[in-house]
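This report goes through a structure step by step. Please look at the sequence and the model before reading on.

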Amino acid sequence: MIKSILATCLGLLLFQACSSPEKQEEQSDKKVLFVIVDGIPDDVIDSVATPNLDKIIAEGGLMRATMGGEKDGYSQTPTISAVGYNSVLTGVWANKHNVWGNGIKDPNYHYPTIFKVFKEQFPEKTIGIFSTWLDNRTKLAGAGLTQTGNLTFDYHYDGMELDTVAYPHDEERIFIFNIDEAVSKNAAQTIQEHAPDLSWMYLEFTDDMSHKFGNSPQFVDAVEKSDVQLGRVWDAIQEREAKFNEDWLIVITTDHGRQDSGYGHGGQSERERSVWIATNSDQLNAHFAERGQTVDIFPSIANFLGLEISKEKAMELDGVPFIGAVDASQLRAVKKENTIELTWKPLSQENQGKVWVSTTNNFKTGGTDAYEAVGEVDLKSGSFTFSTEGMKSDFYKVVLETPSGYLNYWILEETE
Ligand SMILES: [Zn+2]
C-alpha cells in the first residue's frame, strides 16, 4: 500500500502534484486512537478474558513487547508509569526524554511527542486526550508550555482526580474506577461526535488494584472492567467507520509489567519489562512478528498517518515501525579499540543502507548534530565495521539509514 503510494508520488513529483496540500486534504480521513491501560503484564493479557481486546486483535494482531530500553545498557528505562507513557508519546527512551519518575521533573521537550509532530505538520487537524491523570496533558504532552510552542488539545477530558467533590477519594480507590468510566464514556462520545484525528485515552484502575492486592481476583476484575471501557471506544470507532469515509487505527498498550507478586514495578525483572501492543491494523509488517518495544508505537502511528518526520528527528527515534515499510531492526554497535562493529536484523530484501556517525549530541539541547557518512552497507548482510581513527571521542551516535527509515544506537565509553 505504502509502496504503491510512494511509486505514484515519485511519478507525480515532476508535476509537483504529490506533495500539494490539496492532495493531502483528499487523504485526510485517517484517524488514530491510542490507549494506555496501566500496568498489565503480558501474561495477564493472555489469562484474563478480554473479549473487546480480542475483537481488535482479530482484525490486526497482538505483539509481545518490552518496556525499559536496553537492560543494563545506556537506554535502560525504569518501568515506572509516567516514564512508560512518555516513552510511548516520544518514541524514545528515558536517556533522551528525561522523564525518570512520576514527578516528571524536567522533561526534555526537544524530543517531541507524537502530538507535537502531528500538529506541526497538520495545524488544522485535531488532537484529543481522555485521561485519568491530568499530568499526561499538562506535563508530558506539555500543553500550553512555551517549550512545546503552546501545544493545545482540541478535545480534552481530564483532571477529575483533583475534583474531590464529584469524585471523593476512597480507600478502596473506587473513585479511580469511576473516573476511568467517565473518561472512556467521554472518549467514545467525542469520537462519535467529533472524531479527533489523533487522540489518547489513558485508564488507571488496573494499576491501583494490582498495587493494592497483587495478583488477585481484584486485579483480574479490574482488567475485565478496562476491557468494557475499551469496548466503548472500539464501538464508537466502528460506528464512525460505518457512517463516514474514515480509516481508524487503534493501538492499545500498557506502560509497564509488574513484579512476580503483582504488587510493584519500577525495576528491570522480566515480568516488569514484559508488555504487549494490540492493534486493528491490517498493514502490519515483518517487525510485528518480532518482540517489539513500546517506543515502536510512535513510528507506527507516524507511518499510518503519513507524518513527515524531519531527518534529524527520525535519526533519534528509538522505535521500529510495525506498520508500513520496514527494512531492519535490532541495531547494536560495539566499540573495539579503533573500530565500531554494527549488527542488525534485516527485515526486507532491500540492499542499500548507509551508516552515519556523530560524536556530538546537540539534538538534546535543540541544536544540530554533524553526522559523518562512514560507509554504504549491504542491508541483507546484517553487519558492518568501520574505523574510528581520527574521531577522538568517548561518545558516538551511530545511525543506520535504510530506504524506509533510520535506526540509532549510542556508544558511551567510560571515562577515567
Ligand atoms: Zn503504571
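Helix α11, residues 217–243, lies across β1, β5 and β6, and runs at about 170° to β6. These positions come from a predicted model. Helix α9 lies across β1, β3, β4, β5 and β6.

| Helix | Residues | Strand for the angle | Angle |
|---|---|---|---|
| α9 | 174–194 | β5 | about 165° |
| α11 | 217–243 | β6 | about 170° |

The strands named here belong to an open sheet of eight strands with mixed pairing, in the order β4-β3-β5-β1-β6-β7-β2-β8. At the edges stand β4 (155–157) and β8 (292–293); each has a single partner strand, so one side of each is left without a neighbour in the sheet. Strands β1 (residues 30–37) and β5 (residues 198–203) run parallel and are joined by six bridges. Leu33 has Ser199 in β5 as its bridge partner.

The model also holds a zinc ion. Which residues coordinate the zinc ion? They are Asp38 (OD), Ser81 (OG), Asp255 (OD) and His256 (NE2), at 1.9 to 2.1 Å. Along the chain, the donors follow the spacing D-x42-S-x173-D-H. Ser81, in helix α5 (residues 81–90), and His256, in the loop between β6 and α12 (270–273), are 175 residues apart, and the pair links distant parts of the chain.

The angles among the four donor atoms are 96 to 139°, and the site is irregular. A site counts as tetrahedral if all angles lie between 85 and 135 degrees.

Ser81 counts as buried because its relative accessibility is 7%. His256 is buried as well, with a relative accessible area of 0%.

Note on methods: Residues numbered from 1 in each chain as written. Predicted model: local features only at pLDDT ≥ 70, side-chain atom pairs only at ≥ 80, totals over all residues. Heavy atoms only, no water. Pairing = 2+ DSSP bridges. Helix = DSSP H or I, 4+ residues; strand = E, 2+ residues; numbered from the N terminus. Contact = heavy atoms within 4.5 Å. Axes fitted to C-alpha atoms, helices over the stretch in contact; angles between N-to-C directions. Donors = N, O, S within 2.8 Å, 3.2 Å for Na, K, Ca; no water. Tetrahedral: all angles 85-135°; square planar, octahedral: opposite > 155°, others 65-115°. Buried < 20%, exposed > 50% of the residue type's maximum accessible area, 1.4 Å probe, protein only.
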